[in-house]
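Here are some notes to read alongside the model, written as numbered points. I hope they are handy when you set up your own analysis.

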Amino acid sequence: MQRVYVWTWLPGATTPVVAGAIEPRNGVSAFFYARSYLRRTDAISLWAPELPLREGWIEPLDGLVLAGALRDGAPDAWGRRVIEAKLGVDDSALEELDYLLLSGSNRFGALDFQAAGNTYVPRGDTASLDELTEAATRLQEHRALSAPLEAALLHGTTIGGARPKVLVEDGDDHWIAKLASTSDVVYSVVGAEAAAMRLARAAGLNVADTRLATSNGRDVLLVRRFDRDAGGRRRHTVSALTMVGLDEQVARYATYPDVLDVLRRLGADYAADAAELFRRIAFSIAISNSDDHARNHAAFWDGRTVRLTPAYDLAPGNRSGETATQAMAYDRDGRRTSNFAELLGAASLYGLTRRGAREIIDRIIAAIHDGWDEAADAARLSAADRTRLWGNQFLNPGALHDY
(Lines give C-alpha, C1' and ligand atoms only; values in the text may rest on other atoms or scores of the structure.)
Protein backbone atom coordinates (compact mmCIF):
# COMPACT_ATOMS: atom_id res chain seq x y z
CA MET A 1 0.00 0.00 0.00
CA GLN A 2 1.48 3.34 -1.08
CA ARG A 3 2.01 5.96 1.61
CA VAL A 4 2.98 9.54 0.76
CA TYR A 5 4.33 11.83 3.48
CA VAL A 6 3.22 15.46 3.52
CA TRP A 7 5.82 18.03 4.53
CA THR A 8 5.00 21.67 5.19
CA TRP A 9 6.67 25.00 5.83
CA LEU A 10 5.04 26.54 8.90
CA PRO A 11 4.48 30.33 8.84
CA GLY A 12 7.84 32.10 9.03
CA ALA A 13 9.87 28.88 8.79
CA THR A 14 12.64 28.35 6.25
CA THR A 15 12.73 24.55 6.48
CA PRO A 16 9.88 22.02 6.28
CA VAL A 17 8.58 19.60 8.88
CA VAL A 18 6.56 16.45 8.34
CA ALA A 19 2.87 17.18 8.87
CA GLY A 20 1.36 13.78 8.18
CA ALA A 21 0.75 11.20 5.48
CA ILE A 22 -1.68 10.20 2.73
CA GLU A 23 -2.69 6.60 2.14
CA PRO A 24 -5.35 4.90 0.00
CA ARG A 25 -8.28 3.84 2.21
CA ASN A 26 -11.84 2.88 1.30
CA GLY A 27 -11.44 3.97 -2.31
CA VAL A 28 -10.09 7.45 -1.49
CA SER A 29 -6.78 8.96 -0.37
CA ALA A 30 -7.10 9.62 3.35
CA PHE A 31 -4.80 11.79 5.47
CA PHE A 32 -3.60 11.73 9.06
CA TYR A 33 -1.54 14.25 11.02
CA ALA A 34 1.73 13.00 12.49
CA ARG A 35 1.82 12.90 16.27
CA SER A 36 5.01 14.97 16.18
CA TYR A 37 3.15 17.65 14.25
CA LEU A 38 0.13 17.66 16.55
CA ARG A 39 2.48 18.16 19.51
CA ARG A 40 3.94 21.33 18.03
CA THR A 41 2.75 24.60 19.58
CA ASP A 42 3.06 26.34 16.18
CA ALA A 43 1.20 23.71 14.15
CA ILE A 44 -1.61 24.91 11.88
CA SER A 45 -4.21 22.90 10.03
CA LEU A 46 -3.42 22.49 6.35
CA TRP A 47 -6.98 23.72 5.69
CA ALA A 48 -9.38 23.63 8.63
CA PRO A 49 -12.66 23.08 6.74
CA GLU A 50 -11.46 19.71 5.47
CA LEU A 51 -8.29 18.82 7.43
CA PRO A 52 -8.89 19.99 11.03
CA LEU A 53 -6.03 19.47 13.48
CA ARG A 54 -6.92 16.19 15.16
CA GLU A 55 -5.74 12.63 15.55
CA GLY A 56 -6.82 9.79 13.30
CA TRP A 57 -7.56 9.29 9.63
CA ILE A 58 -9.39 12.09 7.85
CA GLU A 59 -11.14 11.12 4.64
CA PRO A 60 -11.75 13.72 1.91
CA LEU A 61 -15.01 15.64 1.80
CA ASP A 62 -17.87 13.97 -0.06
CA GLY A 63 -17.22 14.00 -3.80
CA LEU A 64 -13.42 14.22 -3.45
CA VAL A 65 -10.84 11.46 -3.71
CA LEU A 66 -8.04 13.61 -2.25
CA ALA A 67 -8.39 16.60 0.06
CA GLY A 68 -8.42 19.80 -1.99
CA ALA A 69 -5.62 21.43 0.02
CA LEU A 70 -3.39 18.48 -0.92
CA ARG A 71 -4.59 18.34 -4.53
CA ASP A 72 -3.66 22.03 -4.91
CA GLY A 73 -0.02 20.95 -4.71
CA ALA A 74 -0.35 18.35 -7.47
CA PRO A 75 0.59 18.97 -11.10
CA ASP A 76 -2.07 19.88 -13.65
CA ALA A 77 -2.14 19.20 -17.39
CA TRP A 78 1.26 20.67 -18.35
CA GLY A 79 3.09 19.17 -15.37
CA ARG A 80 1.53 15.77 -15.96
CA ARG A 81 2.56 15.91 -19.58
CA VAL A 82 6.18 16.52 -18.55
CA ILE A 83 6.11 13.59 -16.12
CA GLU A 84 4.47 11.24 -18.61
CA ALA A 85 6.99 12.20 -21.31
CA LYS A 86 9.89 11.55 -18.93
CA LEU A 87 8.56 8.09 -18.09
CA GLY A 88 7.37 7.29 -21.60
CA VAL A 89 3.84 6.42 -20.38
CA ASP A 90 0.35 7.81 -20.69
CA ASP A 91 -1.92 8.93 -17.87
CA SER A 92 -3.49 5.48 -17.51
CA ALA A 93 -0.21 4.19 -16.05
CA LEU A 94 -0.14 6.60 -13.08
CA GLU A 95 -2.24 7.21 -9.99
CA GLU A 96 -2.77 10.56 -8.30
CA LEU A 97 -0.27 9.72 -5.55
CA ASP A 98 2.31 8.86 -8.23
CA TYR A 99 2.06 12.38 -9.62
CA LEU A 100 2.63 13.80 -6.14
CA LEU A 101 5.90 11.90 -5.76
CA LEU A 102 7.13 12.29 -9.34
CA SER A 103 6.64 16.05 -9.59
CA GLY A 104 9.11 18.69 -8.43
CA SER A 105 9.25 20.00 -4.87
CA ASN A 106 8.88 23.72 -5.65
CA ARG A 107 5.13 23.47 -5.78
CA PHE A 108 2.18 25.82 -5.21
CA GLY A 109 1.77 26.88 -1.60
CA ALA A 110 3.68 25.51 1.37
CA LEU A 111 3.45 21.73 0.96
CA ASP A 112 5.62 19.03 -0.54
CA PHE A 113 5.25 15.26 -0.86
CA GLN A 114 7.91 12.71 -0.03
CA ALA A 115 8.34 8.95 0.08
CA ALA A 116 9.82 9.18 3.60
CA GLY A 117 8.73 10.89 6.78
CA ASN A 118 12.09 11.18 8.50
CA THR A 119 14.29 12.87 5.88
CA TYR A 120 13.34 15.64 3.46
CA VAL A 121 14.92 15.37 -0.01
CA PRO A 122 13.86 18.11 -2.47
CA ARG A 123 13.32 17.12 -6.09
CA GLY A 124 14.17 19.29 -9.09
CA ASP A 125 17.21 20.91 -10.66
CA THR A 126 17.57 24.47 -11.87
CA ALA A 127 18.63 25.74 -15.29
CA SER A 128 18.73 29.02 -17.20
CA LEU A 129 15.56 30.45 -18.72
CA ASP A 130 16.93 29.80 -22.22
CA GLU A 131 17.61 26.16 -21.37
CA LEU A 132 14.16 25.73 -19.88
CA THR A 133 12.32 27.34 -22.78
CA GLU A 134 14.28 25.18 -25.21
CA ALA A 135 13.33 22.08 -23.21
CA ALA A 136 9.65 23.08 -23.18
CA THR A 137 9.68 23.67 -26.93
CA ARG A 138 11.33 20.30 -27.52
CA LEU A 139 8.69 18.59 -25.40
CA GLN A 140 5.85 20.23 -27.34
CA GLU A 141 7.47 19.19 -30.62
CA HIS A 142 8.02 15.62 -29.34
CA ARG A 143 11.80 15.90 -29.59
CA ALA A 144 14.25 14.22 -27.24
CA LEU A 145 15.54 15.97 -24.11
CA SER A 146 18.94 15.61 -22.48
CA ALA A 147 18.93 14.23 -18.94
CA PRO A 148 19.88 17.59 -17.33
CA LEU A 149 17.16 19.47 -19.25
CA GLU A 150 14.63 16.78 -18.44
CA ALA A 151 15.44 17.11 -14.74
CA ALA A 152 15.27 20.90 -14.86
CA LEU A 153 11.94 20.87 -16.68
CA LEU A 154 10.60 18.52 -14.01
CA HIS A 155 11.30 21.31 -11.49
CA GLY A 156 8.26 23.21 -12.80
CA THR A 157 5.77 20.37 -12.99
CA THR A 158 3.88 21.48 -9.89
CA ILE A 159 2.59 24.77 -11.25
CA GLY A 160 -0.99 24.43 -12.46
CA GLY A 161 -2.55 25.01 -15.84
CA ALA A 162 -2.51 23.51 -19.30
CA ARG A 163 -0.11 25.90 -21.03
CA PRO A 164 3.68 25.44 -21.00
CA LYS A 165 5.51 27.11 -18.12
CA VAL A 166 8.73 26.75 -16.17
CA LEU A 167 10.07 28.01 -12.84
CA VAL A 168 12.90 30.51 -12.64
CA GLU A 169 14.77 31.58 -9.51
CA ASP A 170 16.97 34.64 -9.09
CA GLY A 171 18.18 34.76 -5.49
CA ASP A 172 15.10 35.34 -3.33
CA ASP A 173 13.00 36.17 -6.40
CA HIS A 174 10.83 33.32 -7.66
CA TRP A 175 9.09 33.59 -11.02
CA ILE A 176 6.71 31.53 -13.12
CA ALA A 177 7.77 31.85 -16.74
CA LYS A 178 4.73 31.50 -19.02
CA LEU A 179 5.80 30.44 -22.48
CA ALA A 180 4.39 30.67 -25.95
CA SER A 181 2.77 27.45 -27.12
CA THR A 182 3.45 25.89 -30.50
CA SER A 183 -0.32 26.18 -31.07
CA ASP A 184 -0.38 29.99 -30.63
CA VAL A 185 -1.18 31.03 -34.19
CA VAL A 186 -4.12 33.45 -33.90
CA TYR A 187 -2.34 36.09 -31.77
CA SER A 188 0.44 36.38 -29.20
CA VAL A 189 -1.12 34.80 -26.12
CA VAL A 190 1.88 35.76 -23.98
CA GLY A 191 1.75 39.37 -25.19
CA ALA A 192 -2.00 39.63 -24.69
CA GLU A 193 -1.70 38.44 -21.09
CA ALA A 194 1.22 40.80 -20.45
CA ALA A 195 -0.92 43.73 -21.64
CA ALA A 196 -3.90 42.57 -19.58
CA MET A 197 -1.91 42.28 -16.36
CA ARG A 198 -0.50 45.78 -16.86
CA LEU A 199 -3.97 47.21 -17.47
CA ALA A 200 -5.39 45.36 -14.45
CA ARG A 201 -2.90 47.10 -12.17
CA ALA A 202 -3.79 50.46 -13.72
CA ALA A 203 -7.48 49.69 -13.11
CA GLY A 204 -6.89 49.26 -9.38
CA LEU A 205 -6.73 45.47 -9.08
CA ASN A 206 -4.29 43.76 -6.74
CA VAL A 207 -2.26 41.75 -9.25
CA ALA A 208 0.93 39.70 -9.21
CA ASP A 209 4.06 41.48 -10.41
CA THR A 210 4.90 40.70 -14.03
CA ARG A 211 7.55 41.56 -16.59
CA LEU A 212 8.14 40.57 -20.17
CA ALA A 213 11.39 38.85 -21.11
CA THR A 214 12.81 37.23 -24.24
CA SER A 215 14.20 33.72 -24.45
CA ASN A 216 15.40 31.97 -27.58
CA GLY A 217 13.80 34.68 -29.69
CA ARG A 218 10.36 34.33 -28.07
CA ASP A 219 8.51 36.48 -25.58
CA VAL A 220 8.12 35.05 -22.08
CA LEU A 221 5.85 36.46 -19.39
CA LEU A 222 7.45 36.31 -15.95
CA VAL A 223 4.98 36.30 -13.04
CA ARG A 224 6.41 36.80 -9.56
CA ARG A 225 5.32 34.07 -7.16
CA PHE A 226 3.25 35.45 -4.30
CA ASP A 227 3.48 32.17 -2.36
CA ARG A 228 7.23 32.66 -1.77
CA ASP A 229 8.93 35.01 0.68
CA ALA A 230 12.60 35.85 1.17
CA GLY A 231 14.92 33.33 2.76
CA GLY A 232 13.12 30.19 1.63
CA ARG A 233 9.84 30.88 3.40
CA ARG A 234 6.65 29.61 1.77
CA ARG A 235 3.06 30.78 2.23
CA HIS A 236 0.13 28.43 2.73
CA THR A 237 -2.26 29.00 -0.15
CA VAL A 238 -5.51 27.33 -1.21
CA SER A 239 -7.33 27.52 -4.51
CA ALA A 240 -10.90 28.75 -4.69
CA LEU A 241 -11.82 25.24 -5.81
CA THR A 242 -10.55 23.95 -2.48
CA MET A 243 -12.31 26.76 -0.65
CA VAL A 244 -15.69 25.70 -2.06
CA GLY A 245 -14.96 21.99 -1.55
CA LEU A 246 -15.41 20.76 -5.12
CA ASP A 247 -13.56 18.22 -7.26
CA GLU A 248 -12.08 19.00 -10.68
CA GLN A 249 -14.82 16.98 -12.36
CA VAL A 250 -17.56 19.25 -11.01
CA ALA A 251 -15.60 22.51 -10.95
CA ARG A 252 -18.14 24.02 -13.38
CA TYR A 253 -20.60 24.21 -10.49
CA ALA A 254 -18.38 26.55 -8.46
CA THR A 255 -19.66 30.13 -8.25
CA TYR A 256 -18.37 33.45 -7.04
CA PRO A 257 -21.04 33.60 -4.31
CA ASP A 258 -19.70 30.26 -3.04
CA VAL A 259 -16.28 31.89 -2.70
CA LEU A 260 -17.87 34.90 -0.99
CA ASP A 261 -19.47 32.60 1.57
CA VAL A 262 -16.06 31.24 2.56
CA LEU A 263 -14.54 34.73 2.68
CA ARG A 264 -17.42 35.84 4.91
CA ARG A 265 -16.86 32.93 7.28
CA LEU A 266 -13.06 32.86 7.36
CA GLY A 267 -11.90 36.11 5.79
CA ALA A 268 -9.53 38.45 7.62
CA ASP A 269 -11.05 41.43 5.74
CA TYR A 270 -14.27 40.34 4.09
CA ALA A 271 -15.36 43.76 2.82
CA ALA A 272 -12.06 44.42 1.06
CA ASP A 273 -11.86 40.96 -0.50
CA ALA A 274 -15.51 40.99 -1.63
CA ALA A 275 -14.98 44.29 -3.45
CA GLU A 276 -11.73 43.00 -4.94
CA LEU A 277 -13.50 39.90 -6.22
CA PHE A 278 -16.07 42.14 -7.94
CA ARG A 279 -13.21 44.08 -9.60
CA ARG A 280 -11.73 40.86 -10.92
CA ILE A 281 -15.03 39.71 -12.39
CA ALA A 282 -15.55 43.09 -14.04
CA PHE A 283 -12.02 43.11 -15.42
CA SER A 284 -12.38 39.57 -16.75
CA ILE A 285 -15.52 40.68 -18.58
CA ALA A 286 -13.63 43.68 -19.95
CA ILE A 287 -10.83 41.54 -21.46
CA SER A 288 -12.88 38.46 -22.47
CA ASN A 289 -11.23 36.28 -19.85
CA SER A 290 -13.74 33.43 -19.77
CA ASP A 291 -11.23 31.11 -18.09
CA ASP A 292 -11.90 32.60 -14.65
CA HIS A 293 -12.60 29.20 -13.10
CA ALA A 294 -12.05 28.34 -9.44
CA ARG A 295 -8.45 27.17 -9.91
CA ASN A 296 -7.59 30.63 -11.21
CA HIS A 297 -8.41 32.25 -7.87
CA ALA A 298 -6.64 31.59 -4.57
CA ALA A 299 -6.32 32.78 -0.99
CA PHE A 300 -3.58 32.84 1.64
CA TRP A 301 -4.28 30.68 4.69
CA ASP A 302 -2.62 31.38 8.06
CA GLY A 303 -4.33 28.62 10.02
CA ARG A 304 -7.25 30.83 11.07
CA THR A 305 -8.18 33.25 8.28
CA VAL A 306 -7.96 33.73 4.52
CA ARG A 307 -7.10 36.70 2.31
CA LEU A 308 -7.25 36.76 -1.47
CA THR A 309 -3.88 36.42 -3.15
CA PRO A 310 -2.92 38.86 -5.89
CA ALA A 311 -4.77 38.16 -9.13
CA TYR A 312 -3.09 35.97 -11.75
CA ASP A 313 -4.01 34.32 -15.07
CA LEU A 314 -5.90 37.40 -16.28
CA ALA A 315 -5.60 36.36 -19.90
CA PRO A 316 -7.87 37.24 -22.83
CA GLY A 317 -9.47 34.18 -24.37
CA ASN A 318 -10.37 33.27 -27.92
CA ARG A 319 -13.61 34.99 -28.85
CA SER A 320 -15.89 35.49 -31.84
CA GLY A 321 -19.00 37.66 -31.73
CA GLU A 322 -20.49 39.60 -28.85
CA THR A 323 -21.97 36.81 -26.72
CA ALA A 324 -19.80 35.24 -24.05
CA THR A 325 -20.04 33.86 -20.53
CA GLN A 326 -17.79 33.67 -17.48
CA ALA A 327 -16.61 30.33 -16.16
CA MET A 328 -18.34 30.94 -12.81
CA ALA A 329 -21.72 32.48 -12.08
CA TYR A 330 -21.47 35.82 -10.28
CA ASP A 331 -24.90 35.84 -8.62
CA ARG A 332 -27.05 33.30 -6.83
CA ASP A 333 -29.39 32.94 -9.80
CA GLY A 334 -26.64 31.48 -11.97
CA ARG A 335 -25.99 34.53 -14.14
CA ARG A 336 -22.63 34.45 -15.86
CA THR A 337 -23.16 36.58 -18.99
CA SER A 338 -20.08 38.64 -19.84
CA ASN A 339 -21.90 41.95 -19.55
CA PHE A 340 -21.36 44.90 -17.21
CA ALA A 341 -25.05 45.76 -16.87
CA GLU A 342 -25.90 42.27 -15.65
CA LEU A 343 -22.91 42.22 -13.29
CA LEU A 344 -24.08 45.55 -11.89
CA GLY A 345 -27.27 43.83 -10.75
CA ALA A 346 -25.19 41.63 -8.44
CA ALA A 347 -23.38 44.54 -6.76
CA SER A 348 -25.06 44.16 -3.38
CA LEU A 349 -23.76 40.59 -3.04
CA TYR A 350 -20.26 42.04 -2.94
CA GLY A 351 -21.15 44.69 -0.38
CA LEU A 352 -21.31 47.42 -3.01
CA THR A 353 -23.93 50.01 -3.88
CA ARG A 354 -24.83 50.32 -7.55
CA ARG A 355 -22.97 53.62 -7.58
CA GLY A 356 -19.86 52.07 -6.02
CA ALA A 357 -19.97 49.13 -8.44
CA ARG A 358 -20.40 51.48 -11.40
CA GLU A 359 -17.37 53.47 -10.28
CA ILE A 360 -15.31 50.25 -10.30
CA ILE A 361 -16.50 49.32 -13.79
CA ASP A 362 -16.02 52.86 -15.10
CA ARG A 363 -12.45 52.91 -13.78
CA ILE A 364 -11.70 49.61 -15.52
CA ILE A 365 -13.12 50.84 -18.83
CA ALA A 366 -11.19 54.11 -18.57
CA ALA A 367 -7.94 52.35 -17.64
CA ILE A 368 -8.19 50.09 -20.69
CA HIS A 369 -9.14 52.97 -23.03
CA ASP A 370 -6.43 55.29 -21.74
CA GLY A 371 -3.70 52.71 -21.23
CA TRP A 372 -4.17 50.45 -24.23
CA ASP A 373 -1.45 51.90 -26.46
CA GLU A 374 1.13 51.98 -23.66
CA ALA A 375 0.25 48.45 -22.54
CA ALA A 376 0.35 47.12 -26.10
CA ASP A 377 3.76 48.75 -26.62
CA ALA A 378 5.12 47.27 -23.37
CA ALA A 379 3.76 43.86 -24.35
CA ARG A 380 5.38 44.14 -27.79
CA LEU A 381 2.10 43.39 -29.55
CA SER A 382 2.26 43.56 -33.34
CA ALA A 383 0.00 45.87 -35.32
CA ALA A 384 -1.98 42.83 -36.45
CA ASP A 385 -2.43 41.61 -32.87
CA ARG A 386 -3.57 45.05 -31.72
CA THR A 387 -6.19 45.18 -34.43
CA ARG A 388 -7.35 41.65 -33.64
CA LEU A 389 -7.55 42.18 -29.88
CA TRP A 390 -8.96 45.70 -29.57
CA GLY A 391 -12.75 45.77 -29.57
CA ASN A 392 -12.88 41.98 -29.70
CA GLN A 393 -11.10 40.62 -26.61
CA PHE A 394 -10.52 44.03 -25.02
CA LEU A 395 -13.81 45.91 -24.50
CA ASN A 396 -15.96 43.79 -26.77
CA PRO A 397 -19.27 45.59 -27.46
CA GLY A 398 -21.11 42.70 -25.83
CA ALA A 399 -19.65 43.71 -22.46
CA LEU A 400 -21.09 47.22 -22.85
CA HIS A 401 -24.64 46.39 -23.98
CA ASP A 402 -27.22 48.28 -21.88
CA TYR A 403 -24.53 49.63 -19.57
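1. A charge counts as sitting over a ring if NZ of Lys or CZ of Arg is within 6 Å of the ring centre and within 35 degrees of the ring normal. R80 meets this over the face of Y99, at 4.3 Å from the ring centre. R211 does likewise over the face of W175, at 4.9 Å from the ring centre.

2. A word on the ground rules: this is a predicted model, in which local features need pLDDT of at least 70 and side-chain atom pairs count only at pLDDT 80 or more, while totals for chains, interfaces and linings use all residues. Residues are numbered from 1 along each chain as its sequence is written, and side-chain values use heavy atoms, with hydrogens and water left out.

3. Now the aromatic rings. The structure holds 12 aromatic pairs; rings of Phe, Tyr and Trp (its six-membered ring) pair if their centres lie within 6.5 Å, and planes under 30 degrees apart count as stacked, over 60 as edge-to-face and the rest as tilted. W7 and Y120 make a tilted pair, with 5.4 Å from centre to centre and 50° between the planes. This pair links distant parts of the chain, 113 residues apart: W7 is in strand 1 (residues 4–8), and Y120 is in the loop between strand 4 (111–114) and helix 5 (129–140). Helices (H or I, at least four residues) and strands (E, at least two) are DSSP runs, numbered from the N terminus. Ring pairs also link W7, W9 and Y120 into a cluster.

4. Is W7 buried or exposed? W7 counts as buried because its relative accessibility is 6% (buried means under 20% relative accessible area, exposed over 50%, partly exposed in between, with a 1.4 Å probe and protein chains only).

5. A second pair to look at is W372 with F394: the ring centres are 4.8 Å apart and the planes stand at 50°, so this pair is tilted. W372 lies in helix 12 (residues 354–378) and F394 in the loop between helix 13 (383–389) and helix 14 (397–400), so the pair ties together parts 22 residues apart in sequence.

6. Axes are lines fitted to C-alpha atoms, for helices over the stretch in contact, and angles run from 0 to 180 degrees between N-to-C directions.

7. On to the strands, which pair if DSSP finds at least two bridges between them. Strand 7 (residues 210–215) and strand 8 (residues 218–224) run antiparallel, joined by six bridges. T214 has D219 as its bridge partner in strand 8. This hairpin has two residues between the strands, and N216 takes a positive phi near 55°.

8. There is also an open sheet of three strands, in the order 9-10-11 with antiparallel pairing. Strand 9 (237–239) and strand 11 (306–308) are at the edges with a single partner strand each, so one side of each has no neighbour in the sheet. From one strand to the next, the twist averages 35°. Three bridges pair strand 9 with strand 10 (residues 298–301), and T237 stands opposite F300 in strand 10.
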